[in-house]
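I opened the model today to look up a few local features, and these are my entries in the order I made them.

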Amino acid sequence: MFANFNFENPEFFWLLLLLPLAIGWYIWKRNKQTAALKISSTKGFKGKSGLLPKLRPVLFVLRLLTLALIITAMVRPRTVDVSTQSSSTQGIDIVMAIDVSASMLARDLQPTRLEATKNVAEEFIKDRPADRIGLVVYAGESFTKTPITSDKSIVLDALEGIEYNNVLENGTAIGSGLATAVNRIKDSDAESKVIILLTDGVNNSGFIDPNTASELALEFGIRVYTIGVGSNGMALSPTAILPNGRFQYGNVPVEIDEKLLSQIASTTGGKYFRATDNEKLEAIYEEIDALEKTEIEEFRYYNYDEKYRPLVLLAGGLLLLEVLLRMTVFRSFV
């Protein structure tokens, strides 16, 4: 309720300490003004006392309330309505090229390499509200899952729908995946163009040489970050398809062409990362997120609603009431 309520001059609250001092002074002064009379009997003075003398302290109470209201008005209570408007001063277009070959179903990352990649990529996309993002998937060949767009719901739905199937020829065509991503982003007018290429294998398919694709990215001013996914040594990976359509798993060596991925990143001014588990994969995307920051300019508009005016009017009314009472009803007692 009071989230947008503040005081412009809170130091004036110290003046409220005057109130207990005024009360003490009033009590002391009243006692000093009361004279003591010693007589043998008060029988002749007995009678009903009036109500007005008992109400005389009301004048002092009115004076205290007036003082308290004036001090509160000096503090300047007010409500603040803050509205913000943001504008991106440097847009970044990003294409995420994801390997969807059968080896991405390996279980050295939990639950699989592909699902771990999707989970981390989802958080990365959500944390880039000012950027346009597109998706490319590849195995033995590649295609665009979604072109670059600022509509994150479209990108997230497309990411959720990524899975291994037999539509793409099996294999790992790193060159084709990179070339398709370059084609998606090369005509962008963004100040910064980035490709995040993720794979868990070696280039063993496709008709485009990865080095040629990286040279193409360099020509169009596209920076490529490469990620090799897979643990060191052996990994529980699909080795065959059973008659019921399910995969048969077995331990196979993890083979990632780190030299090629490092060369692609170096050529384009990017960086190569190796993700051997879920935590490292998440840390990699966080580092890329930090490296590729969009500059956002935020404007804040403040609308102040001053609340001291009613306090001043009320204080004036109480002061006027005190004067009227002092000059009329209590005139004989003060």
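This is a predicted model: local features need pLDDT of at least 70, side-chain atom pairs count only at pLDDT 80 or more; totals for chains, interfaces and linings use all residues.

Entry: I looked up Pro111 and found it in the loop between β3 and α4. The peptide bond that joins Gln110 and Pro111 is cis, with omega at about -5 degrees.

Entry: I checked the length of helix α3 (residues 57–75), and because its 19 residues at 1.5 Å a residue should span 27 Å, the 27 Å between its end C-alpha atoms agrees. The buried residues that I noted in α3 include Leu59, Phe60, Leu62, Leu64 and Thr66, and Ala68, Leu69, Ile71, Ala73 and Val75 are buried in this helix too. Arg76 follows α3 and is placed in the loop between α3 and β2 (77–88). Its phi is near 60 degrees, a positive value in a residue other than glycine. I set beside this the general point that most residues other than glycine have a negative phi. Arg76 counts as partly exposed, because its relative accessibility is 30%.

**Entry: nonpolar cores.** I then turned to the largest nonpolar core, which has 33 residues, and saw that Met96, Ile227, Leu281 and Tyr285 touch the most other members. At least two residues of this core come from each of β3, α4, β4, α5, β6 (192–199), β7 (222–229), β10 (272–275) and α9, and α4 gives the most, with six residues. Apart from this core lies another, of 25 residues, among them Val182, Ala213, Ile222 and Ala235. Returning to Leu281, and leaving aside residues up to four places away in sequence, I found that it touches Leu109, Ala116, Thr117, Val120, Leu198, Ile227 and Ala275.

**Entry: aromatic rings.** The count of aromatic pairs comes to four. For Phe124 and Tyr285, the ring centres are 5.5 Å apart and the planes stand at 65 degrees, so I recorded the pair as edge-to-face, the cut-off for that class being over 60 degrees. This pair links distant parts of the chain, since Phe124 is in helix α4 (residues 113–126) and Tyr285 in helix α9 (residues 278–291), 161 residues apart. Phe124 counts as buried at 4% relative accessibility, and Tyr285 is buried as well, with a relative accessible area of 3%. I also looked at Tyr249, where the charged end of Arg107 sits over the ring, 3.8 Å from its centre.

**Entry: Ser176.** Is Ser176 buried or exposed? I noted it as buried, because its relative accessibility is 11%, and buried means under 20%. Ser176 belongs to helix α6 (residues 174–185), and, not counting residues up to four places away in sequence, it touches Ser142, Gly206, Phe207 and Ile208.

Key:
Residues are numbered from 1 along each chain as its sequence is written. Side-chain values use heavy atoms; hydrogens and water are left out. Rings of Phe, Tyr and Trp (its six-membered ring) pair if their centres lie within 6.5 Å; planes under 30 degrees apart count as stacked, over 60 as edge-to-face and the rest as tilted. Helices (H or I, at least four residues) and strands (E, at least two) are DSSP runs, numbered from the N terminus. Buried means under 20% relative accessible area, exposed over 50%, partly exposed in between (1.4 Å probe, protein chains only). A charge sits over a ring if NZ of Lys or CZ of Arg is within 6 Å of the ring centre and within 35 degrees of the ring normal. Contact means heavy atoms within 4.5 Å. The expected span of a helix is 1.5 Å times one less than its number of residues. A nonpolar core is a set of buried Ala, Val, Leu, Ile, Met, Phe, Trp, Tyr and Cys residues joined through side-chain atoms within 4.5 Å.
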